[in-house]
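This briefing sets out how the chains of the model meet and how selected residues are placed within it. Please consult the sequence and structure below while reading.

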Amino acid sequence: MALTLGLLSARDLRRRLALGLDLRTGPFRFLIRSRREDVARGLERLYPDFPLEVDGFRDFHVRVDAVAGLRRCYKPQCNFWHDEHAPFKPLPLNHAFPLLEWGMNWCIAGYAQHYLMLHAAVLERRGRAVILPGDPGAGKSTLTAALALSGWRLLSDEITLIDREDGHIVPLARPISLKNQSIALIREAFPEAVIGDTALDTHKGSVAHLRPPPISVARMGEKARPAHIVFPRWRAEATARLTRHSKADAFIHAATHGFNYSLLGRLGFELNAALIDACACWDFEYSRLEDALAAFEELVA
Amino acid sequence: MNPACAAFLLALREPRAMAGFDARTWDKVVRQARAAGLLGRLGARAAGFHERLPPAVWRHLEAALTLAEQQCRAVHWELAQLSRDLEGIAGPVVLLKGAAYAAADLPPAAGRLFTDIDLLLPRAQLDATEAALMLGGWISSPHDAYDLRYFREWMHELPPMQHIRRQTWLDVHHNLLPESARRRTRPGLILAASTPLPGFPRFSIPAPVDLVLHSATHLFHEGEWQHGLRDLVDLDALLRAYGGEPAFWGRLLERARTLNLGRPLYYALRYARRLLHTPVPEEAIANCPERPSSLSAAVMDVLFLPAFACAHAECRGLLTRPAAFVLYVRSHWLRMPLHLLLPHLLRKALKPEGK
């Protein structure tokens, strides 16, 4: 049986993390280094089902640690390094774990030009993937979390990867980033959900990550066929309702909200067009999570 | 050079060798190549036999190659826009370095990444060009009065310009070397020998010998060595492409003498041959104008060889940082006489941030 992160003892995990923890998420291997206790705790709580690898080729060598120097004494800070390069400004020390998550997203979004990458969540049920492009505040992450906790397979919360060979969706199965009110909302609706520490006052407000369901992680090697694109919108008192969204508009939206649509040139156009052809496109308005779950169930019935 | 980058250099010299690298070697080579700006180059060289590379590795090479191809398309588009802005300018507008390789589809273009577009034009056209570019939406980055004087009186280029909408960076040169530099060359001869570029109505490219001499001059007067190896790879590709013709080498040496660029050419030939095994005839090295004494060549080896390896920690040795510092100081020494240089460095040291 493959070694998973959850099989390591607490001490072993911290020892490995200091030297480089070799973690696989979907098609990528990250060599993660950190001496931060909150990073170790976050990985322990949110990544227990992820396989560990040994030696060989790693896609990204990353590190999150305290910034050295005088800043250690006054309002200490942490930073993220990809290999030798620090792409972000330092953050307060207690944001180390979300910083690791953002840094890992940055690596994928910046370097995985092998895929067409959309800024969207994606889940699968009965062999059919549903893509959720969401503008900030549309309730995308809340909906993604609720679906993942209700039997849907989580493929990705932030970045939808489209394989350039067959147009299918490649899972990452990483933790879902919950913000502000949705942290309490998910805790209340799903008491069994495992949620990491809450980082307060980040640039996105309060942030906490939800552990992906073990079955999603176990199946992160299996691609999924795209079937629906749903633009969700939460509105107080709204009745859950799916209405058709124009395909032309969905195309433009996917193109402009992609990470690398124009970078891929003709290939980007072709992959995007094939994706829109393969999918039914919907607007979805809702106010209550249970209605949303029922509506999504019908989509793949 | 540090043995840690032996595999990376081997990949640059003999691309086929990449098929034999194990995963552990790739774990270093991909990072070294990315830091040196050469990952796309490796991608271009491996494209013909990529099925023999580990799929996880090829993904990164192909991704970098995809980025390079997009940048090449973007440069073509940008040049089409620029040729409209520069329609009214008299005299040749010559593309240099990356833009020249991309527009003329020269061997260094394959998989190469860009940072900006470099132009060379007659000094007399500078003011008209700057005005035309500003009308086209190109603006100079903010500079204080000192910076402006630095560029306009002493440098060989205008302050870098950026297009307000497309964000592209543009460097407009009127010379290869700063006005204040110790070494003087003759940019007029390069402009006169340039040839119009088919498909790009407003632009010309330098003659092959001048492409080599400009690339060499740029590299060996440089103070920042992050892209040193990439520039040497450009030179290697040019020399391999043109060097097959026997008359080329004689013309190159003659041109170096005329343009007073013998020393940078000597270094280019020496290090291209040494690090990338570029086929440079023995006579070309022996007859190179301004060939340094063997003692001074040995001193320069101590500086240049570590500097070529400075892009990634895995390649850096004990000598890298001191060598990089000495080369940084040297680049300023070459750029300005002491009575200008000392106040300039003092000013840069005291100014909190930026240029």
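**Interface between chain B and chain A**

Across the interface of chain B and chain A, the rule finds five salt bridges, a salt bridge being a side-chain nitrogen of Lys or Arg within 4 Å of a carboxyl oxygen of Asp or Glu. The model is predicted: local features need pLDDT of at least 70 and side-chain atom pairs count only at pLDDT 80 or more, whereas totals for chains, interfaces and linings use all residues. Residues are numbered from 1 along each chain as its sequence is written, chains are lettered from A and ligands numbered from 1 in the order in which they are written, and side-chain values use heavy atoms, with hydrogens and water left out.

*Bridges and polar contacts*

- Arg24(B) forms a salt bridge with Asp55(A), in which the closest N and O atoms are 2.8 Å apart.
- Between chain B and chain A, 12 residue pairs, both at pLDDT 80 or more, are in polar contact. A polar contact is a pair of N or O atoms within 3.5 Å; within protein, one must be able to donate a hydrogen and the other to accept it, and residues adjacent in sequence count only if both atoms are side-chain atoms.
- Helices (H or I, at least four residues) and strands (E, at least two) are DSSP runs, numbered from the N terminus.

*Extent of the contact*

- Asp27(B), Arg34(B) and Arg59(B) supply 32% of the area that chain B buries against chain A, more than any other three residues.
- The area buried between the two chains is about 1,800 Å², and carbon and sulfur atoms give 51% of it. Buried area is the accessible area (1.4 Å probe) that two parts lose on being put together, summed over both.

**Nonpolar cores**

- The largest nonpolar core has 112 residues, of which Phe8(B), Trp26(B), Leu61(B), Leu95(B) and Phe308(B) touch the most other members. Such a core is a set of buried Ala, Val, Leu, Ile, Met, Phe, Trp, Tyr and Cys residues joined through side-chain atoms within 4.5 Å.
- Helix H12 (residues 262-276) of chain B gives the most to this core, with nine residues.
- Another core, of 41 residues, lies apart from it and includes Leu21(A), Leu43(A), Cys78(A) and Phe97(A).
- In helix H1 (residues 6-13) of chain B, the buried residues are Ala7(B), Phe8(B), Leu9(B), Ala11(B) and Leu12(B). Buried means under 20% relative accessible area, exposed over 50%, and partly exposed in between (1.4 Å probe, protein chains only).
- The cover over the buried residues of H1(B) includes H2, helix H3 (39-46), helix H10 (228-242) and H12 of chain B.

**Buried polar and charged residues**

- Thr144(A) lies in helix H4 (residues 140-148) of chain A and is buried, with a relative accessible area of 0%.
- The side chain of Thr144(A) reaches the backbone oxygen of Lys140(A) at 2.6 Å.
- In H4(A), nine of nine residues are buried.
- Asp118(B), in strand S2 (residues 117-120) of chain B, counts as buried at 11% relative accessibility.
- The side chains of Asp118(B) and His173(B) are joined by a polar contact of 3.1 Å.
- Asp210(B), in helix H9 (residues 208-220) of chain B, counts as buried at 1% relative accessibility.
- Beyond its neighbours within four places in sequence, Asp210(B) is in contact with Ile190(B), Ala193(B), Arg255(B) and Leu259(B).

- Arg126(A) is not a glycine, yet has a positive phi of about 50°; Arg126(A) lies in the loop between strand S6 (115-125) and strand S7 (128-133) of chain A.
- Asn260(B) has a positive phi near 60° and is found in the loop between helix H11 (247-259) and H12 of chain B.
- Asn260(B) is partly exposed, with a relative accessible area of 31%.

Notes. Contact = heavy atoms within 4.5 Å.
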